[in-house]
Amino acid sequence: MPSVSEKDSSGSKAFAVFSGGESFRFPRETLVVIIAFIIVWEILAWLTPPYVIPGWARIYQSFADLRVDFIFVTLARVAAALLISFTLGLGLAILMYRSETFERYANPLVRLFMAVPVVCWILFSVLWFKWVEFRIAFVLIATCAPVFIIDCLDGMKGVQKDLRDMLRSFRPTTLQFFTKLILPATLPVIFTSWKINISLAIRVVTIAELVGAVTGIGYGLTVAQELFSVADVFAWTLVLVIILLLAEAVLGRIEERVLRWRV
Amino acid sequence: MSGSIEIEVSNLQKIFRPTAGDAPVVAIDGLDFSISHGEMVAIVGQTGCGKSTFLNMLIGLDRPTRGYITIGGRKPYEEFDYFRGVLTTVFQQDRLLPWRSALDNVRLPLELLGRDPREQAEKARAWLDRLGLAQFVNAYPHELSGGMRQRVALARAFVVEPQLLLADEAFGHLDEVTSAALRRSFIELAVNEKKTAIVVTHQLEEAIEMGGRILVFGRPGHLLADIDLKKCTGARLASLRGDIQQMLESNAPNPDVTQLARKERP
C-alpha cells in the first residue's frame with residue numbers, strides 16, 4: 001500500500017494512506033508514540049516475569065484465542081442501548097423544547113440523573129432487576145439518555161432566532177417547523193452527542209457486563225482477571241480501543257457526508 | 001386569499017414590558033394609515049422608531065398591544081395560518097438555511113404549502129434562472145456571495161407568488177452596486193407581478209427610488225409624514241431628501257412635506 005509523506009494542516013508531517021480514492025491521515029507523532037510504546041513494552045516483558053508483563057507474542061496468542069462472539073454480543077448491547085437512549089433522549093428533548101413548563105420540571109431530574117455515578121446505577125440494577133440483559137440495558141440507558149436529552153435540547157435552543165422567524169413567516173405546521181428547521185439545525189450537535197455517548201457506552205458496558213453476564217467483553221475480562229492473565233486483559237483492552245476508534249471513524253465519515261454543507 | 005389586499009392600520013400600539021419592575025418601552029405609539037392593493041410603499045425612519053416592530057406585527061409574528069392591523073379584512077396574528085402563501089418577507093440578512101442548496105432554499109415555501117415536488121423544483125429553478133443564478137442551483141449558501149445569497153432570498157419570497165411582499169432592510173447591508181441592482185430587481189418584479197410591496201429601510205435614497213409612497217416614522221413609532229412621490233416634480237423631488245432628513249432629526253412633522261400627503265388624514 002503506497003504511503004505519502006506530506007504536511008497536514010497543523011504543520012506536522014502526516015502519512016496519507018490511500019484506499020478507495022479517499023485518504024486517511026495518520027499523524028507521524030502518533031505513529032512514533034505507538035512504535036515507542038510497543039518497543040518499551042517488549043523490553044519490560046523481557047525484564048519481568050510473563051504473568052506481570054507478557055510479551056507481544058503471548059498477547060498475540062491471547063488475541064487470536066479471544067471469543068469473537070463476545071465482541072458481537074457487547075456491540076449488540078451497546079447499539080441497542082444507544083438507539084433506545086437516543087430515541088428517548090430526542091423525544092424528551094422535543095417535549096422539553098415545546099413546553100417550558102415541562103422543561104422546568106424535567107430539567108432538574110435529568111441533571112440529577114447525570115450526577116449519579118455509574119457504579120450506583122449498576123448496584124440499583126442488580127437490586128431491582130433479575131434479568132441480566134435488562135440490567136445491562138438499564139445501566140447503559142440511565143447513563144446515556146440524559147446526555148442525549150441535554151445535548152439535543154441545547155442544540156434546539158441554539159437555533160438562531162433569525163432562522164426561526166424566517167420559517168415562521170412562511171407559516172409552517174408544528175411538524176414542518178421541526179422537520180425543516182429545528183432537527184436539521186440540531187444535527188451537528190446530535191453527531192457530537194453520539195460521539196460522546198459511543199465512547200461512554202463502550203466504557204460503561206464492560207463494567208455493566210461484570211454484573212452477572214456470562215457473555216460479552218466484560219465477562220471475558222472477568223475470566224481473564226480470575227485466570228490472572230495479563231495477556232488476555234491486554235488483548236480485550238486492545239479490542240475495546242479498536243472498536244471505539246472504528247466507531248468514531250465510521251461516525252466521523254457519516255458526519256462528513258451528512259454535514260457537507262458546513263463551511 | 002383572493003381579490004384586493006387592502007391593509008388597514010388603526011390606532012396601532014406596541015408596548016414591550018422587558019422584565020417585571022422595568023419601565024415599559026413604547027415601540028409603536030398610535031399608527032393610522034391604509035395601503036391599497038398594488039401600492040409600493042417605503043417606510044423610513046431612524047433606528048429605534050419601530051419599523052421592524054411594525055413589520056413583525058404585519059407579518060403576524062407579534063401581537064399589537066392596542067389597535068389593529070388587517071390585511072384584506074383579516075388580522076395576521078390572530079388568523080396566522082390564513083396567510084400561508086399570501087405574504088412573504090425578504091429579511092435584512094438572507095436567512096437562507098445553510099444545509100440546503102440554493103434550489104432547495106427557494107423551494108422551501110412551496111414544500112411548506114404541500115405543492116407537488118415536480119412543481120416545486122420547476123418553479124424554484126425558473127425563479128433562480130430569472131434572477132441570474134441558473135449556474136448556482138446546487139450551490140450551498142456558503143459558496144455564494146452576499147449579493148447572490150440575497151437574490152436566492154428574493155427568489156424564495158417570489159416563488160409562492162404572494163399578494164403582499166415585505167422587505168426589512170433587505171438591501172442596505174450590501175455594497176452600493178449590488179444593493180442598487182437588487183433593489184431594481186425587487187421593484188421590477190413587484191411591479192411586473194402587480195404585487196403590493198412594503199419596504200422598510202433607513203436609506204432615504206432607497207425609499208425615493210422606489211417611486212411610490214413614503215411613510216416617515218418618528219420616534220417612538222408614529223407617523224411624521226405620508227408622502228406621495230407621484231406628486232413630486234423634479235425640483236421638489238430634489239429637495240425632498242433634505243426635508244425628510246430634517247424631519248427625522250427634529251422628530252417633528254414638516255408642513256412643506258405634509259402637502260405632499262397621499263390624502264388628507266382625518
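1. The buried residues of helix 3 of chain B are covered by elements that include helix 2 and helix 4 of chain B. The residues concerned are B:Gln120, B:Lys123, B:Ala124, B:Trp127 and B:Leu128. Viewed down the axis of helix 3 of chain B, these buried residues fall within an arc of 135°, so they line one face of the helix. On the other side of helix 3 of chain B, B:Arg118 and B:Glu119 are exposed. The model under discussion is a predicted one, and the remarks below should be read accordingly.

2. The length of helix 3 of chain B (residues 117-130) was also checked. Its 14 residues should span 20 Å at 1.5 Å a residue, and because the end C-alpha atoms are 20 Å apart, the model agrees with that expectation. B:Gly132 follows helix 3 of chain B and has a positive phi, near 75°.

3. Which residues touch the most other members of the largest nonpolar core? They are B:Val106, B:Leu128, B:Leu154, B:Ala155, B:Leu166 and B:Val216, in a core of 76 residues. Helix 4 of chain B (residues 146-158) contributes the largest share of this core, six residues. Apart from this core lies another, of 44 residues, which includes A:Phe86, A:Leu90, A:Ile202 and A:Ile217. In soluble globular proteins, nonpolar side chains tend to be buried together.

4. With neighbours within four places in sequence left aside, B:Ala155 is in contact with B:Val106, B:Trp127, B:Leu128 and B:Leu131. Of these, B:Trp127 and B:Leu128 are among the buried residues of helix 3 of chain B, while B:Val106 is one of the core residues with the most contacts to other members.

5. Contact between the chains involves 18 residues of chain B and 14 residues of chain A. On the chain B side, the largest share, three residues, comes from helix 2 of chain B (residues 102-112). By class, that side comprises 12 nonpolar, three polar and three charged residues.

6. Helix 7 of chain A (residues 161-169) has A:Met166, A:Leu167 and A:Ser169 buried. Seen down the axis of helix 7 of chain A, the buried residues fall within an arc of 160°, so they line one face of the helix. What covers them includes elements from both chains: helix 8 (174-208) of chain A, together with helix 1 (51-59) and strand 5 (87-90) of chain B. Just after helix 7 of chain A, A:Arg171 takes a positive phi of about 55°.

7. Chain A as a whole has 10 helices and three strands. Along the sequence its pattern is β-β-β-α-α-α-α-α-α-α-α-α-α. Of its 263 residues, 28% count as buried. Among contacts in chain A between residues at least 6 apart in sequence, 63% join residues at least 24 apart.

8. On confidence, the model scores ipTM 0.87 and pTM 0.82. Chain B has a mean pLDDT of 87, and 95% of its residues reach 70 or more. Where in chain B is the mean pLDDT of an element lowest, and where highest? Helix 8 of chain B (residues 255-258) has the lowest value, 70, and helix 2 of chain B the highest, 96. Where pLDDT is low, the predicted coordinates should not be read in detail. Helix 2 of chain B is also the element that gives the largest share of the chain B side touching chain A.

Methods: Residues numbered from 1 in each chain as written. Chains lettered and ligands numbered in written order. Predicted model: local features only at pLDDT ≥ 70, side-chain atom pairs only at ≥ 80, totals over all residues. Contact = placed C-beta atoms within 7 Å. Helix = DSSP H or I, 4+ residues; strand = E, 2+ residues; numbered from the N terminus. Nonpolar A, V, L, I, M, F, W, Y, C, P; charged D, E, K, R; others polar. Core = buried A, V, L, I, M, F, W, Y, C linked by C-beta atoms within 7 Å. Buried ≥ 20, exposed ≤ 12 C-beta atoms within 10 Å, placed from the backbone. pLDDT = per-residue confidence, 0-100. Expected span 1.5 Å × (residues − 1). Arc of directions from axis to C-beta.
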